[in-house]
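Student: I would like to learn how to read helix packing in a model. Can we work through a case?

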Amino acid sequence: MIRYALLILLIACPAEAVAEAQPPARDPAPGLALWSRINEVFSHPRCANCHVGEDGVPMWSGASNGPVARPHGMNIVAGDSRNGATYLACTACHTPRNSEMPHGPPGAVDWKLPAPERQWFDKSSAEICRQFRDPRLRGMASIDDVVDHIRNDGKVRWGWSPGPGRAAPPYSADQLAAFVAQWDKSGAPCPEQ
Ligand code: HEC
Ligand code: HEC
């Protein structure tokens, strides 16, 4: 009797295991819609002008400096430190607060560029998505840390209080944090192109 039961188990189990290993394909549309909102913010000048690549040159654009992004004036280069330490420190001009002078430097605590792997400026939505999804290219391994950073980091929050002459990105920091958390839960899909 026991042997008979075991035989049934052996025959029945593999089929079930296979069925369980292949969950029904998930519809990527809701996740992609969330990503498109995330990308609206990440690629917005208030964020992308700091999220630049290897050359370490921040960008200027917007009402204050014209619609087309151009390299930061005064030959500013962030260098390996990403904070200008070897040349002229970002914080020599960028204090924790926005300057109230027209064309004065905006400000937030610890003003500096992120690592080149976090480049968003000049990249497509698909490129930004694939690099952001990859924990090896992301600075913060866990999405919880990223969500926390978006909610609390002064440089991110500055994007929504950029001072006179600069437009803020759409949504809010808290909404963006929620989009990122939901996008991750939905399987973190990225657009093809
Ligand atoms: C010599 C002073 C000075 C230094 C040093 C400096 N900046 Fe600036 N920065 C400015 C000024 C002034 C503005 C505003 C220009 C304007 O509105 O016309 C500015 C604007 C910016 C902006 C806003 C761009 C935008 O369009 O919203 C970013 C980003 C920025 N700087 C990043 C940096 C980083 C990163 C460093 C260090 C690697 C740095 N800056 C070093 C003076 C400086
Ligand atoms: C003044 C420059 C600056 C601006 C402006 C800025 N960031 Fe960043 N960002 C950084 C730095 C530097 C880091 C790396 C973490 C750190 O050192 O604080 C970073 C990291 C991040 C990360 C984590 C990425 C990862 O892979 O771990 C996110 C998400 C982020 N920023 C979102 C934004 C958003 C959204 C905006 C615009 C609303 C923005 N940032 C504007 C400098 C900036």
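The dialogue below goes through helix contacts and cores.

Tutor: This is a predicted model: local features need pLDDT of at least 70, side-chain atom pairs count only at pLDDT 80 or more, and totals for chains, interfaces and linings use all residues. Residues are numbered from 1 along each chain as its sequence is written, chains are lettered from A and ligands numbered from 1 in the order written, and side-chain values use heavy atoms, without hydrogens and water.

Student: At what angle do the axes of helix 2 and helix 7 cross?

Tutor: Axes are lines fitted to C-alpha atoms, for helices over the stretch in contact, with angles from 0 to 180 degrees between N-to-C directions. Helices are DSSP runs of H or I, at least four residues, numbered from the N terminus. Helix 2 (residues 29-42) and helix 7 (residues 173-185) cross at roughly 140°, their axes coming within 9 Å. Helix 2 and helix 7 are therefore oblique (under 35 degrees is roughly parallel, over 145 roughly antiparallel, 65 to 115 roughly perpendicular, the rest oblique).

Student: Which residues make the contact?

Tutor: Contact means heavy atoms within 4.5 Å. Helix 2 uses Gly 31, Leu 34, Trp 35, Arg 37, Ile 38, Val 41 and Phe 42. Helix 7 answers with Leu 176, Phe 179, Val 180, Gln 182 and Trp 183.

Student: How do helix 2 and helix 4 lie to each other, parallel or perpendicular?

Tutor: Their axes come within 10 Å and cross at roughly 100°. Helix 2 and helix 4 are therefore roughly perpendicular. Trp 35, Asn 39 and Phe 42 of helix 2 meet Ser 125, Ile 128, Cys 129 and Phe 132 of helix 4.

Student: Which residues of helix 4 are buried?

Tutor: Buried means under 20% relative accessible area, with a 1.4 Å probe and protein chains only. In helix 4 these are Ala 126, Ile 128, Cys 129, Gln 131 and Phe 132. Their cover includes helix 2, helix 5 and helix 7.

Student: Which residues touch the most other members of the largest nonpolar core?

Tutor: A nonpolar core is a set of buried Ala, Val, Leu, Ile, Met, Phe, Trp, Tyr and Cys residues joined through side-chain atoms within 4.5 Å. The largest has 23 residues; Trp 35, Ile 38, Phe 42, Phe 132, Leu 176, Val 180 and Trp 183 touch the most other members. Helix 7 gives the most to this core, with six residues.

Methods:
Helix = DSSP H or I, 4+ residues; strand = E, 2+ residues; numbered from the N terminus. Buried < 20%, exposed > 50% of the residue type's maximum accessible area, 1.4 Å probe, protein only.
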